[in-house]
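This report describes a model with two chains, taking each in turn and then the places where they meet. Please keep the structure open while reading.

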Amino acid sequence: MDAHASVGHAELEIPYNVHPRPDTGVYNAKLGIWLFLASEVMLFGALFSSLILLRTGADSWPRGYEMLNVPLATFNTFILIVSSVTVVMAWSQLRLGNLKWGRIYISATILCALIFLVNKGFEYGHEFREHNFPKTNNFFAIYFTLTGLHGLHIIGGVIVFLYFLGPGAKMWAHDPERYTNRIEVVGLYWHFVDLVWIFLFPVLYLM
Amino acid sequence: MALRRQIRVGSQWMYADEAHKALREALRVMEDEKSGEHGGHHLPWIRRYVFSTDHKWIGLQYGFTALLFLLLGFCLMILMRLQLGWPGTAFNVMKVLGESRAPGGVLLPEAYNQLGAMHGTIMIFLGIVPLAVGAFGNYLVPLQIGAPDMAFPKLNMISYWCYAPGGLIMLASFLAPGGTAQSGWTSYPPLSVIASQGQTWWLVGMVFLITSSLLGSVNFIVTIVQLRAKGLSYMRFPFFVHAQFVTSFLLLLAFPPLEAAAVLQLMDRVAGTSFFLPSGLVVSGQALTNAGGGNPLLWQHLFWFLAHPEVYVLILPAMGIVAEIIANGTRKPLWGYKSMVFATVFLGFMSFVVWAHHMFLTGMGTTISAFFQTTTMIISIPSVIILSSLFISLWGGSIRFTTPMLFALAFLPMFGIGGLTGLPLGLAAADIHLHDTYYVIGHFHYVVAPGTIFAMFGGIYYWFPKATGRKLNDFWGRVHFWISFVCINGIFFPMFAQGLAGVSRRLYDGGAQYAHAKQIAAQTNPFMSICAIGLLVAQVPFIINFFYNAIAAALGHRDEKLGSNPWEATTMEWAATTSPPLAHGNFEVMPVVHRGPYEYNVPGEAAEFIPQHMPTAPEPAPRGGTLLPSTAVAMREN
C-alpha cells in the first residue's frame, strides 16, 4: 500500500486498517468504535438504572422542570442535534475530496460543542448560586453525576476534533482515505454522545 | 609469512580468512534478526522494551507484572494464615507491616481487614485477569489466528500502561492515612463509604484497571474478527481463541457498570452524595449528616453485575489453556469441540443474568431469588459440558505426561470440585446456611487457585519454549507441581468442613472466640497454615527455574536442539513461526489455514500430526523439527 509495507520499517502494516475486510464489511477502527460504544451503553445504562432505582425507592422526588432550566436545555438539545448534522457534513465533504469544507464543518461541530458547554456552565453556576450541590439530595447528586459525565464526553470529543482539525489533518496529504475514516469513527462517537443527551434531557428535565 | 588459502564461495574465489570474517558477520546479522533487531528498524530501547507496541512484548510485560502481583497477593495471604493458624501470636515477619499495623509482630484486626481486602483485589484484578487475558491472550491470540500483531498496537500499549499505574495506585494505597482499603474486595457500602482514605485510592485504581481492560477487550475482539488468517473460519479456531473471544465480550460489557458504581462511590466519598447511604445512618453513635435516601443494595447489584461475569473471565481463559494442552498431550482432537464452543458462548450470555445469586440473603425478595436460582442452575450446564468434554478427551489418548500436562490434568478434578460445591450455594435455601462461611471461600478458591492458577502454570510451562526458545526444567517442574498439588488441597479442602460447621469468613481469629467454631478452628487452622507455607516453599523451584531460563534466553543461550515446535503441536503459534516468533509481524509468510485446529493421528494419514496451515499432510518430520509451509522454505533459501 505504501512504503511501510516492506519489512524493515518501524511501522507495521496491519491488515484492514483502512479498507473493509470483505467478509465482515468493516475496517478495524469502525468495528472498534462500535464495540467501544457498546461498552458506553452499558456505562450509561448502569447509571440510568441507578437513577430509576433511586427514584422508585424514594419517598419524594423533585420534578425536573421545577428545579432545572428547561428552555436552556431545550436550546442545548437543538445545538447538539445541529452538531450531529455538521459532523456528517464534514465526513461527506471529505468523502468528496474537499478538505477545506470538511474542516469548516469540523470547526462548526466544535463551535456547537463549545456553545453547549458554555450553556452547561451557566446552568451549573445557577445551581451553585441556589445552593444546589451534589450533596443536597439524590436528585441533584444524579443530575450532576450524569450531566458531568456527559460533559466529560463532550470535552473528550472536542479534544479529538481539535486534533483532527490541526495536527491530525496532515494525514490528508498522504492518506486521505484513512483521514476520512477517522472522521467517520469520531462522528459515530459524537452521535452516541448526542444520543445520551437525547435520553438525559427528558429523564432529568421533563419528568 | 604463511600462504593465504583461497576458497570458492558461490562463483567467487575469496581468501579463507576474509570468507570466515564475512560468515561471522552474516551469522551476527542473523542473530540480530532473531533477537528482534530487525534489519533497518533499530528502535530505541525505550520503544522496544518499555513502550513497545509488539503484542508479544506487551504480553510478556503483562505476564511479569501479573506474576509479581500474584506473588505479592500470596504473601499477604501467608501473613493472614499465620494469624489464623496461631491467633495473637507474635511473628517477626509480621513486622514488615510496620508498628501501626502489627505492634510487636502481632497483627491488628484493622490490618487483617486491609490484608484481606487487598489479597482479593490483587489476586483478581492485578494478578489473574492480567495474566490470563493480558499475558496469555496478548501473546498467543495473534499467533494462533495468523495475524501480524493486534489490530490496534498502540491501544495495546496504552492498555498495559493503564494497568501498571492502576496497580501502583493500589500498592500506594497501603501508605494512605489510615491504611489501604479494608472493606473486602467487594467494597460493600455503607462501610466502604465511611472507610478511611485508602478506599478512595482503591476506587481510583479500579478506574485505571477498568480502562485498561476496556481497551484490551476492544482490541481482542477486533483482532479476532478482522485479522484472522485466510481460511480460518470460526469453527477452525483453537479453543483458546474462542475462550478469549467470549472473555473479551464479558470484559467489554460487564466492566462499565462497575465503572459507573465506582464513579458513584467516588461521588459519595468525595462530593458528599448519598447514592449508597440510606437515611438515618448512625456510625459509632453519631448520626451522619448526609442527605440520605440512598440504597446500599444498588452497589451490590452494580458490583455483582460485573463480578459474576468476572468469575467467567477468570475461568474461561484457563479452560482454553487446558484444552490446548490436553489436545496436544493426548495426541487426539478435543472430544466435542463444537459443543464446547457453543457451551462457551452460551456461558457468556448466561453469565449476565446470574449475578444476584450472591445476594440471596440481602432481603431482595423470594421471587427474585427464585429467578436467579433458576438461571444459576442453568449456567452450570455449559460448564459441565466443557469439563466433561475435556475429561472424555482423555479417553483412548496416548497421554504424554509432560509437566504442562500434569497441571492440565490436575485442573480437571480441581475445577470439578470447585464447580460442584457451587451448586448448593446457588440454591437459595441451602445458601441460607452456607452464605458468608468458609464453605464459600473453599468453593471459589478451588475454582480459581488449583483451577485457574494451575492452568496458568501449565500454560507457562507449555508456552515458555515459544517465548524464549528454551524449555523449563522438567524435574523441578514436577517437584513444583506435586508439592503445590498436595499443599493447595491441604489449604482449601478443610474450608468446606469449617464452613459446614458454620465458621464465618473474614474472622480475624479464624473463629477461635466462637463456641460453635472453636473446636474445628483449632483442629484445622494450624494445619491449613502449614500447608500454605508449604505452598510458598513449592514456588521456590518454579521461581528459580523460571528466572534461570528466562535470563539465559535473554542472554542469547537458546536450546538449538529444541526446534520451534517441541510439543509437536498443530496450532499456528507453534507450527508456522520460529521460537521466539519474529519481532516484526510474527510470520515469515502470512499463513493460510487449511484444516481444523487439532489434527492429531488423523486416520489414513501418514503424519502423526498435521498443522493447521498445511495444505496436504507432510512427510513425518523428525521429532521436534520445524514444519514450515513450502513457500516459507523457499523464501528462506532465497
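In this predicted model, 34% of the 207 residues of chain A count as buried. Chain A holds seven helices and zero strands, and from the N terminus on its elements run α-α-α-α-α-α-α. The C-alpha trace of chain A spans about 65 × 30 × 25 Å along its principal axes. Among the contacts in chain A between residues at least 6 apart in sequence, 74% join residues that are at least 24 apart.

Chain B is divided into three parts by the domain assignment: domain 1 (1–36), domain 2 (61–94 + 103–279 + 291–539) and domain 3 (569–638). Taken over C-alpha atoms, the centres of domain 1 of chain B and domain 2 of chain B are separated by 55 Å.

**Contact between the chains**

The contact between the two chains takes 34 residues from chain A and 39 residues from chain B. On the side of chain B that touches chain A, the elements that give two or more residues are α7, α8 and α9 (296–330) of chain B. Of these, α8(B) gives the most, with 10 residues. By class, the residues on this side of chain B divide into 24 nonpolar, 13 polar and two charged.

One residue of helix α8 of chain B can be followed in detail. B:Pro256 is found in that helix. B:Pro256 counts as buried because it has 25 C-beta neighbours inside 10 Å, and the cut-off for a buried residue is 20 or more. Leaving aside residues up to four places away in sequence, B:Pro256 touches A:Ser39, A:Met42, A:Leu43 and A:Ala46. Within chain B, B:Pro256 and B:Leu306 are 50 residues apart in sequence, yet their C-alpha atoms are 7.9 Å apart in space.

**Helix packing in chain B**

Helix α7 (residues 198–226) of chain B packs with helix α8 (residues 239–271) of chain B: their axes come within 8 Å and cross at roughly 155 degrees. That angle makes α7(B) roughly antiparallel to α8(B), because angles over 145 degrees count as roughly antiparallel. The crossing of α7(B) and α8(B) is left-handed. The contact of α7(B) with α8(B) has 19 nonpolar, seven polar and two charged residues.

A second pair is formed by helix α3 (residues 55–85) of chain B and α17(B), which pack at an angle of about 155 degrees with their axes 8 Å apart. This makes α3(B) roughly antiparallel to α17(B). α3(B) passes α17(B) in a left-handed crossing. From α3(B), the residues that meet α17(B) are B:Phe74, B:Met77, B:Ile78, B:Arg81, B:Leu82, B:Leu84 and B:Gly85. Their partners in α17(B) are B:Asn525, B:Pro526, B:Met528, B:Ser529, B:Ala532, B:Ile533 and B:Leu536. By class, this contact has 10 nonpolar, three polar and one charged residues.

**Backbone features in the loops of chain B**

| Residues | Feature | Value |
|---|---|---|
| B:Pro189 and B:Pro190 | cis peptide bond | omega about 0 degrees |
| B:Ser579 and B:Pro580 | cis peptide bond | omega about -10 degrees |
| B:Arg506 | positive phi, not glycine | phi near 60 degrees |
| B:Asn601 | positive phi, not glycine | phi about 45 degrees |

Where do these residues lie? B:Pro190 is in the loop between α5 (153–172) and α6 (191–194) of chain B. B:Pro580 lies in the loop between α18 (572–575) and α19 (630–637) of chain B, and B:Asn601 is also placed in the loop between α18 and α19 of chain B. B:Arg506 is found in the loop between α16 (474–500) and α17 (515–554) of chain B.

Is B:Arg506 buried or exposed? With 12 C-beta neighbours inside 10 Å, B:Arg506 counts as exposed, since the cut-off for that class is 12 or fewer. B:Asn601 has 16 C-beta neighbours inside 10 Å and therefore counts as partly exposed.

Conventions
Residues are numbered from 1 along each chain as its sequence is written. Chains are lettered from A and ligands numbered from 1 in the order in which they are written. This is a predicted model: local features need pLDDT of at least 70, side-chain atom pairs count only at pLDDT 80 or more; totals for chains, interfaces and linings use all residues. Axes are lines fitted to C-alpha atoms, for helices over the stretch in contact, and angles run from 0 to 180 degrees between N-to-C directions. Helices (H or I, at least four residues) and strands (E, at least two) are DSSP runs, numbered from the N terminus. Angles under 35 degrees count as roughly parallel, over 145 as roughly antiparallel, 65 to 115 as roughly perpendicular and the rest as oblique. A crossing is left-handed if the near helix is turned anticlockwise from the far one by less than a right angle, and right-handed if clockwise. Ala, Val, Leu, Ile, Met, Phe, Trp, Tyr, Cys and Pro count as nonpolar, Asp, Glu, Lys and Arg as charged, and the others, Gly among them, as polar. Domain bounds come from an automatic or database domain assignment. Two residues are in contact if their C-beta atoms, placed from the backbone, lie within 7 Å.
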